[in-house]
Amino acid sequence: MRRGGAGVSEQSDNMRIWDANCRTTFANVEHVKMRGGFHTADAQQVIKRATEVFGPIGIGWKWSARYELLGDVCYADVTLHYKDDGQWSEPYGPVRAGFELKQGAKLDPDAFKKAATNGISKCLSHLGFCSDVYEGKFDTPGYDPESDPDGPPEPKIDPAHVATITAESLRTGVPLEKIATGYKVASIEDVPASKAAEIIGALKKRGDAA
């Protein structure tokens, strides 16, 4: 929904994280047969994506949870924190997720952990992560996340990350042109924003090993 008085650039900035992470590949989507059948995003891949965007867990983002057992359902109330432009966000949550303690006649010893994982995925979905899954697009025949006409293009890398990659390129001797070619773009400025942490991490690892 458009806010009154909000300019185009402001709206674009508001949607920056969402637009960069709203699409999900088929390989990272699971079909659940419960409740008539539906699709859900692979939780581990959602967590991996968050790490690519914000940095390692505990450094670039973190979560906390409070647990409760009601009947045979384990609940986790998850609160999320993440860094954006070097600043910690306000705590987001709690967001409640549950998982059944009993799977058939057996108790599931990982029920609380699974509830927490579901809660983390829910929190990140509110930032736009794998939004196409939760919007039900994968339940629509013919949907292709690679060519969704309604989906926005992924934002390009920001200037701060370009500067970091340039510095690491000079330190390691890896040409910027080679990095750009590896990601099938014309220049380092055209690299997708979601690949910034991956490139910086690889360059730092190479430099530290030299």
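Modeller: Some conventions come before the features. This is a predicted model, in which local features need pLDDT of at least 70 and side-chain atom pairs count only at pLDDT 80 or more, while totals for chains, interfaces and linings use all residues. Residues are numbered from 1 along each chain as its sequence is written, and side-chain values use heavy atoms, with hydrogens and water left out.

Biologist: How many helices and strands are there in the protein?

Modeller: Helices (H or I, at least four residues) and strands (E, at least two) are DSSP runs, numbered from the N terminus. The protein has eight helices and eight strands.

Biologist: What percentage of the residues count as buried?

Modeller: Buried means under 20% relative accessible area, exposed means over 50%, and partly exposed lies in between (1.4 Å probe, protein chains only). Of the 210 residues of the protein, 33% count as buried. Accessible areas come from the Shrake-Rupley method with a 1.4 Å probe, and for residues only the protein chains shown count as cover. The accessible surface of the protein is about 13000 Å², and carbon and sulfur atoms hold 54% of that.

Biologist: Which share of the contacts joins residues at least 24 apart?

Modeller: A contact means heavy atoms within 4.5 Å. Among contacts between residues at least 6 apart in sequence, 59% join residues at least 24 apart.

Biologist: Let us turn to a single helix. What span should H3 have at 1.5 Å a residue?

Modeller: The expected span of a helix is 1.5 Å times one less than its number of residues. For the twelve residues of H3 this gives 16 Å, and the end C-alpha atoms are 16 Å apart, which agrees.

Biologist: Which residues of H3 are buried?

Modeller: They are Ala 43, Val 46, Ile 47, Arg 49, Ala 50 and Phe 54. These residues cover an arc of only 160 degrees around the axis, so they lie on the same side of H3. The arc is that of the directions from the helix axis to the C-beta atoms. The cover over the buried residues of H3 includes helix H2 (16-21), strand S2 (38-41), S3, S4 and H4.

Biologist: How many salt bridges does the structure hold?

Modeller: A salt bridge is a side-chain nitrogen of Lys or Arg within 4 Å of a carboxyl oxygen of Asp or Glu. The structure holds seven salt bridges. One of them pairs the side chains of Asp 84 and Arg 16, at 2.9 Å from N to O. Asp 84 lies in strand S4 and Arg 16 in helix H2, so this pair ties together parts 68 residues apart in sequence. Asp 84 is partly exposed at 26% relative accessibility, and Arg 16 is partly exposed at 29%.

Biologist: Where do Glu 68 and Arg 96 lie?

Modeller: Their side chains meet in a salt bridge of 2.7 Å, N to O. Glu 68 belongs to strand S3 and Arg 96 to strand S6, so the pair ties together parts that are 28 residues apart in sequence. Glu 68 is partly exposed, with a relative accessible area of 33%, and Arg 96 is partly exposed with 34%.

Biologist: Which pair does Lys 137 form?

Modeller: The side chains of Lys 137 and Glu 135 form a salt bridge at 3.9 Å, N to O. Elsewhere, salt bridges that share partners join Glu 68, Asp 77 and Arg 96 into one network.

Biologist: Which residues form the nonpolar patch on the surface?

Modeller: Patches are made of residues with over 30% relative accessible area and no salt bridge; like charges are joined within 9 Å, and nonpolar side chains (Val, Leu, Ile, Met, Phe, Trp, Tyr) within 5 Å. Here Ile 57, Trp 63, Tyr 67, Leu 69 and Phe 112 form the nonpolar patch, with about 460 Å² of accessible area together. Strand S3 (residues 61-70) supplies the largest share, three residues. Ile 57 sits in the loop between helix H3 (43-54) and S3, and Ile 57 is partly exposed at 47%.

Biologist: Which residues other than glycine have a positive phi?

Modeller: Asp 85 has a phi near 55 degrees, and Cys 130 has a phi of about 55 degrees. Asp 85 lies in the loop between strand S4 (73-84) and strand S5 (87-88) and counts as exposed at 68% relative accessibility. Cys 130 lies in the loop between helix H4 (111-125) and helix H5 (131-134) and counts as buried at 5%.

Biologist: Which residues does the cis peptide bond join?

Modeller: The bond joins Gly 93 and Pro 94, with omega about 5 degrees. Pro 94 lies in strand S6 (residues 92-100).
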